Amino acid sequence: MSSPVVAPPATLSTKYRVTAAHGTFGLFVAFGGDGIRNLVGWPAYVVIVSAYTLITLVLIARARPVLSPRALPKALIAFLVYALVSVTWSAYAGATLLTYLGTFMCTVVGVYLALVFTWQQVLTRLANALKWVIGLSLAFELWVSVFVRDMVLPLSGGVYVGDDPPLLAYWSRNLLFEGGKIQGILGNSNLLSICALFAIIAIGIQLAIGSVRRSWGWFWMLLSVATFALTRSSTIIVAALVAAAALLAVVIARRASRHGRTALYVTVAVVFAGIVTVILTFTDQLLALLGKSEDLTGRTEFWARVINQASERPWFGWGYSSPWVPGQLPLDDPLVRHHVVQLHAHNAWLDVWLQLGVIGVILFAAVIASLLWRSWFAAIDRPRFDLRDDRPYSALALLPLLFTVVLVVQSLAESRILIESGWVLVVLLSLKTKRQRAITVDGAT
């Protein structure tokens, strides 16, 4: 990583405390945006994020970060430019500009975190924001189960078809004492589940590097694991298993010789091919094991409609729009699941194809592939601050790889990687790992 792990100073300056609080709040809004909107509604939410973005731009300008061309993630920049240019052929130019503004705001947050904080400070900001989401979610569900004792709708209403709100529209279903699936302040068990998994990873790294008091760290680890168990998202369970496999691969790679790493890559390729074969052969059995229906809870119908629509404009797409804007959808008719209007394709790759065509998919794949590449080698290579090659490995180096792996797995069933917390993390990790790569190369020369 870019700097060795150091213990935080005994006393922190007021300026740093404000800067750190600003970073944590930005991540909390990114992860907990659904909860904020459920509480105060869209107009107030827009005011909050707009004010935050303006303040963040001022802070970035005052920090005057030094960025060389080598340190810029060019695939990410190309994707952002292409998404903006798509307004020229978009079938819904207003929605393209509106959602691109949201993407720009998320990009600003990611850039701020990458430029202002060290890796350890980024870890702290992530852990603190996720703790707020988990703590408030458990407190909210406890309040509903103890005092309300009934299902609760968002104070801001919801987007659904019909007069009576369906189950998916409820903020909380009062399931805490029934063993889940709880939805927390986000009103969505899948989103709360990935927050819990990210928290497990972040807090686990904090405990490994000793940057948090062990008693306090294990307390939050217990709450995070409990939240993960109470949400039981099939997609995020798979993401956790893949992240665990990635962690095992890193441990093996760190101890292997150059020839040993080559053997590891071959083994991983063979195992991956075997897993794909098993999935294709025993799809129904695996879905039953995960508690999913044969149509992946309606996703296969959604995907078929998205593929059909994308095929009409296969190369350049219908125009950027993440998420889709009600009334200006890329589809002729809205996707409706259990009377709730869906505003994404439930697969980020199909979403990108629908919006930006094959060119967009290639650029997005370049963003993710380059991020995975840099994250992998950051995790398996020893830190290099000088000419020594015997420095110990750090658990902190696992952060970008494990977070990216989880995001990629989630992208196969959700489009969250394109918006809010997902996009903030993509920008943060892309810029941070690219800057580290540039520092390493420059240092070597």
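User: What does phenylalanine 198 touch, not counting residues up to four places away in sequence?
Analyst: Phenylalanine 198 touches Phe31, Leu130, Phe403, Val406, Leu407 and Leu425, leaving out residues up to four places away in sequence. Contact here means heavy atoms within 4.5 Å.

User: And which residues touch the most other members of the largest nonpolar core?
Analyst: Phe31, Phe198, Ile205, Phe403 and Trp423, in a core of 106 residues. A nonpolar core is a set of buried Ala, Val, Leu, Ile, Met, Phe, Trp, Tyr and Cys residues joined through side-chain atoms within 4.5 Å. Buried means under 20% relative accessible area, exposed over 50%, and partly exposed in between (1.4 Å probe, protein chains only). Helix H5 (residues 189-209) gives this core its largest share, 14 residues. Another core lies apart from it and has 16 residues, including Phe302, Val306, Trp318 and Leu329.

User: Before I go on, what are the ground rules for these values?
Analyst: It's a predicted model, so local features need pLDDT of at least 70 and side-chain atom pairs count only at pLDDT 80 or more, while totals for chains, interfaces and linings use all residues. Residues are numbered from 1 along each chain as its sequence is written, and side-chain values use heavy atoms, with hydrogens and water left out. Helices (H or I, at least four residues) and strands (E, at least two) are DSSP runs, numbered from the N terminus.

User: OK, what's the mean pLDDT of the protein chain?
Analyst: The mean is 88, and 87% of the residues reach 70 or more. pLDDT is the predictor's confidence in each residue, from 0 to 100.

User: New topic: threonine 227, buried or exposed?
Analyst: Buried, because its relative accessible area is 0%. Threonine 227 sits in helix H6 (residues 214-231) and touches Ile134, Leu138, Leu192 and Ala196, not counting residues up to four places away.

User: What do the buried residues of H6 pack against?
Analyst: Helix H4 (119-148), H5 and H7. Gly217, Trp220, Met221 and Ser224 are among the buried residues of H6. Just after H6, arginine 232 takes a positive phi of about 50 degrees.

User: Then how many residues does H7 have?
Analyst: Helix H7 (residues 234-255) has 22, and reaches 32 Å from its first C-alpha to its last, close to the 32 Å expected at 1.5 Å a residue. The expected span is 1.5 Å times one less than the number of residues.

User: Switching to rings, how many aromatic pairs does the structure hold?
Analyst: It holds 18. Rings of Phe, Tyr and Trp (its six-membered ring) pair if their centres lie within 6.5 Å; planes under 30 degrees apart count as stacked, over 60 as edge-to-face and the rest as tilted. Tryptophan 89 and phenylalanine 316 form an edge-to-face pair, 5.7 Å centre to centre with 65 degrees between the planes. That pair links distant parts of the chain, 227 residues apart.

User: Why does tryptophan 89 count as partly exposed?
Analyst: Because its relative accessibility is 25%. Phenylalanine 316 is partly exposed too, at 47%.
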